[in-house]
Every structure is written in C-alpha cells, then in structure tokens.
Amino acid sequence: MKKIEAIIKPFKLDEVREALSEVGVTGLTITEVKGFGRQKGHTELYRGAEYVVDFLPKIKIEIIVTDDTLTLAIDAIIKAAHTGKIGDGKIFVLPIEQVVRIRTGETDESAI
C-alpha cells in the first residue's frame, strides 16, 4: 500500500476528485494549505498599497491506494491537475505499513 500526497491548485480539486473516482479511488482527505515553490509568490495591490503574497493557496490531497492502483491514481492526478503553467503542484508517494479502520477493526487493504 502507498500514500499519495498531491499538492494542486485549488480550482483543479473537482477535476482531480472526479478523475480519482473514475479509477476506483473511494476516499480521500483534503487540506487547504499554503506554500510556494518556483512561483515564489506574487505582488498584489490593495487600496493603493502594493504588498507581497509569499505563500500561495494550494490544496493537499491525501489518498491511500493499493500497489495495483498506484500508477492509475498518479496518472489521473497528473491528467486532471495539469495546466502547463508554473505552480501545477507535486505528487509524493510514501509507503504505508498498516491501515486500521476504527469502526470495524478491519486492517490493511480491507480497511482502505
């Protein structure tokens, strides 16, 4: 089992969720985050004053998948989140040792 953490642009969330659903991903966790990479923020004008926005709003998606669906899920995220512009995001893949469903006590793949 693997954990996929994807950082994407907020307006791409619905497209990514639908794409993951189509490949069989049934659950995900969403967190509103802020950060920067190569974008390095931008300047905005507010009431005539210019200020720098260092951290840009992003969405962090966390999903747990079996090794069989890992490639499908990654491809779905890439296809749905891609705009071709800087700041499209990143995908991180981490190993998962154990999963336990609290309600039933199911473990590992049956708990996903």
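**Close-up views of a predicted model**

**View 1. Phe55 and its surroundings.** Phe55 sits in the loop that links strand 4 (49–53) to strand 5 (56–65). As in every view here, the structure shown is a predicted model. Not counting residues up to four places away in sequence, Phe55 touches Lys34, Gly35 and Phe36. Phe36 is 19 residues apart from Phe55 along the chain, yet the C-alpha atoms of these two residues are separated by 5.5 Å. With a relative accessible area of 47%, Phe55 is partly exposed, because values between 20% and 50% fall in that class.

View 2. An open sheet is formed by 4 strands, in the order 2-5-1-6, with antiparallel pairing. Strand 2 (29–35) and strand 6 (89–95) are at the edges; each has a single partner strand, so one side of each is without a neighbour in the sheet. On average, and with direction ignored, neighbouring strands of this sheet are turned by 20° against each other. In general, the strands of a sheet pair through backbone hydrogen bonds, and the pairing may be parallel or antiparallel. Strand 1 (residues 2–8) pairs with strand 6 in the antiparallel sense over 7 bridges. Ile7 has Lys90 in strand 6 as its bridge partner.

**View 3. Lys3 in strand 1.** Lys3 belongs to strand 1. Its side chain is joined to that of Glu5 by a polar contact of 3.2 Å, and to that of Glu62 by a polar contact of 2.8 Å. Leaving aside neighbours within four places in sequence, the residues in contact with Lys3 are Glu62, Ile63, Ile64, Phe92, Val93, Leu94 and Ile96.

View 4. Helix 1 (residues 13–22) lies across strand 1, strand 2 and strand 5. The angle between helix 1 and strand 5 is about 10°. Helix 2 (residues 70–81) lies across strand 1, strand 5 and strand 6, and runs at about 5° to strand 1.

**View 5. The buried side of helix 1.** Val16, Ala19 and Leu20 are the buried residues of helix 1. They are on the same side of helix 1, because they cover an arc of only 100° around the axis. An α-helix has 3.6 residues a turn, so residues three or four places apart point the same way. The buried residues of helix 1 pack against strand 1, strand 5 and helix 2. Gly24, which follows helix 1, has a positive phi near 100°.

**View 6. The largest nonpolar core.** The largest nonpolar core has 18 residues, of which Ile4, Val16, Leu20 and Ile63 touch the most other members. At least two residues of this core come from each of strand 1, helix 1, strand 5 and helix 2. Helix 2 supplies the largest share, 7 residues. Apart from its neighbours within four places in sequence, Leu20 is in contact with Val25, Leu28, Ile63, Ala73, Ala76 and Ile77. Nonpolar side chains tend to be buried together in soluble globular proteins.

View 7. Asp108 is in the segment after strand 6. Asp108 is not a glycine, but its phi is positive, at about 50°. Most residues other than glycine have a negative phi. The relative accessibility of Asp108 is 32%, and it counts as partly exposed.

Notes
Residues numbered from 1 in each chain as written. Predicted model: local features only at pLDDT ≥ 70, side-chain atom pairs only at ≥ 80, totals over all residues. Heavy atoms only, no water. Buried < 20%, exposed > 50% of the residue type's maximum accessible area, 1.4 Å probe, protein only. Contact = heavy atoms within 4.5 Å. Pairing = 2+ DSSP bridges. Axes fitted to C-alpha atoms, helices over the stretch in contact; angles between N-to-C directions. Core = buried A, V, L, I, M, F, W, Y, C linked by side-chain atoms within 4.5 Å. Polar contact = N/O pair within 3.5 Å; in protein donor to acceptor, adjacent residues only side chain to side chain. Arc of directions from axis to C-beta.
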